[in-house]
Amino acid sequence: MGAIESGLAWEPLTAADAEGALPLSAEAGWNQTAADWAFMLREGRGIGVRDGAGRWIGSALALPLGAELSWISMVLVAKDARRRGIGTRLLRRAIDEVRDAGRIAGLDATELGRPVYLPLGFRDLYTVSRLRLGAPAPSEPAPAGCTIRPLVAADLPGIVAFDRPRSGMQRSHVLAYLLQQATEGAFVAKVDGGVAGYALGRPGRIAFQIGPVVADREDVAIALVSDALARLDGPAMIDVPDAHADLRVWLDRHGAVRERGFTRMTLGPPPPGLAEPSRIFALAGPELG
């Protein structure tokens, strides 16, 4: 058992705890599945708080995305355990974990969370809107000179090489996980035989999450998103940087509704590419970077 504070046990969260931690994100109305929790806890470092009955009542997680960056997420406290300072202590422990590893901390702050992170030294990179779509959208034709096809495992090395300088992240483990979770939402765009963009996604507890979508041109990104949406038979969500007006117009035309906003932030100077959303058309989600 971890250290006991006022009847609470502060312990590491591991992949074996995924099912026990899932009620925290479900109670908050978040979209993660038990598989998402297990992946993040297997690849990252989690800290949790149990109450006297052994129930997880709080969590925080840091997911490494290369030697320079770690993504903080899943900072959650059960409703009946709030206003006791648990969330603040969890966040500070996650930040310490990242600093001790010599990395920069990044996160996607909700509109309510951003005022908490600013006094801690986090600084804004750019804003993002979460959009929800209730029905499939028709597939758009690929732009002239571009071909789009399903993405398969053999494409991953090229996708990872394409992604790294554009996203500012080293996330081959994340991309491989997403392809494993949803081959039906995975597409690659090629121009002159080279990668010009890709889209991945995953099933969620509430809706299918489209993202990341990374491309060198917005028309390619729109075609990738449309292909992903056309193959879904239920609700979808997508987190789009606000800089991408054309994609937003296309999504709005097909019934997208803005649910909330995020601000991408870092505690310290961001790695090259992270602060520039020009080629990031959809995030992997606030928990995956």
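In helix α2, the residues A34, D36, W37, A38, F39, M40 and L41 are buried, where buried means under 20% relative accessible area, exposed over 50% and partly exposed in between, with a 1.4 Å probe and protein chains only. Because 7 of the 10 residues of α2 (residues 34-43) are buried, the helix is largely enclosed by the rest of the structure; helices (H or I, at least four residues) and strands (E, at least two) are DSSP runs, numbered from the N terminus.

The model is a predicted one, in which local features need pLDDT of at least 70 and side-chain atom pairs count only at pLDDT 80 or more, while totals for chains, interfaces and linings use all residues. Residues are numbered from 1 along each chain as its sequence is written, and side-chain values use heavy atoms, with hydrogens and water left out.

The structure holds 18 salt bridges, each being a side-chain nitrogen of Lys or Arg within 4 Å of a carboxyl oxygen of Asp or Glu. Three of them are listed here.

| Salt bridge | N to O distance |
|---|---|
| R50 and E11 | 3.3 Å |
| R50 and D17 | 3.7 Å |
| D163 and R171 | 2.8 Å |

R50 lies in strand β3 and D17 in the loop between β2 and α1 (18-27), so this pair ties together parts that are 33 residues apart in sequence. E11, D17 and R50 are linked in a network of salt bridges; R50 and E11 are both buried, and D17 is buried as well, with a relative accessible area of 14%. In the pair formed by D163 and R171, D163 counts as buried at 1% relative accessibility, and R171 counts as buried at 4%.
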